[in-house]
Amino acid sequence: MIMWKEKAFEHATKEQPLECCGLLVKDKGELDYWPCRNVAFKHDVANFVIEPDDWAICEDSVDEIIGIVHSHPEFNMEFSPADKASCNALELRFYLVNPNTKSIIYIDPEIGNVN
Ligand SMILES: [Zn+2]
């Protein structure tokens, strides 16, 4: 099992029943999972909002942020319309993790896609 995936599964399990969120990063040629705090409760939204300080610290600490990783309540494996909108807005790959089945799926931003 690849290490960043294990870390993401662990984080998702720990955060239940809340959604976990974090960043998939590349540092010194290695992929890693960078757990972030979910501050959705501050914004009164149902999904997740990455604590901006966590994002900033991550950005300063690693070579590159590759994607956004999160989980869903009860590990429903469907990207929400909000996920798709954020994915496009941030222009980063969006990952969804399910520690129960050890699966990870992702979507890419629809840059220049007409549909
Ligand atoms: Zn989601």
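**Helix and Sheet**

Student: Across which strands does helix α3 lie, and at about what angle does it run to β2?
Tutor: This is a predicted model. Helix α3 comprises residues 52-61. It lies across β1, β2 and β3, and its angle to β2 is about 155°.

Student: In what order do the five strands of the open sheet stand?
Tutor: The pairing in this open sheet is mixed. Its five strands have the order β2-β1-β3-β4-β5.

Student: Why is one side of β2 and of β5 left without a neighbour in the sheet?
Tutor: Strand β2 covers residues 30-36 and strand β5 covers 103-107. Both stand at the edges, so one side of each lacks a neighbour, for each has a single partner strand.

Student: What is the average twist from one strand to the next?
Tutor: The twist is taken between one strand and the next in the sheet. Its average is 30°.

Student: Which residue of β3 is the bridge partner of Leu 23?
Tutor: Strand β1 spans residues 21-27 and strand β3 spans 64-70; the two pair in the antiparallel sense over six bridges. Within β3, the partner of Leu 23 is Ile 68.

Student: What pattern does the protein chain follow along the sequence?
Tutor: The chain contains four helices and five strands. Read along the sequence, they give the pattern α-β-β-α-α-β-α-β-β.

Student: What is the radius of gyration of the protein chain?
Tutor: For 115 residues the globule rule gives 13 Å, and the chain comes close to that value, so it is as compact as a globular protein of that length. Its radius of gyration is 13 Å.

How values were computed
Residues numbered from 1 in each chain as written. Predicted model: local features only at pLDDT ≥ 70, side-chain atom pairs only at ≥ 80, totals over all residues. Pairing = 2+ DSSP bridges. Axes fitted to C-alpha atoms, helices over the stretch in contact; angles between N-to-C directions. Contact = placed C-beta atoms within 7 Å. Rg over C-alpha atoms; globule rule 2.2 N^0.38 Å.
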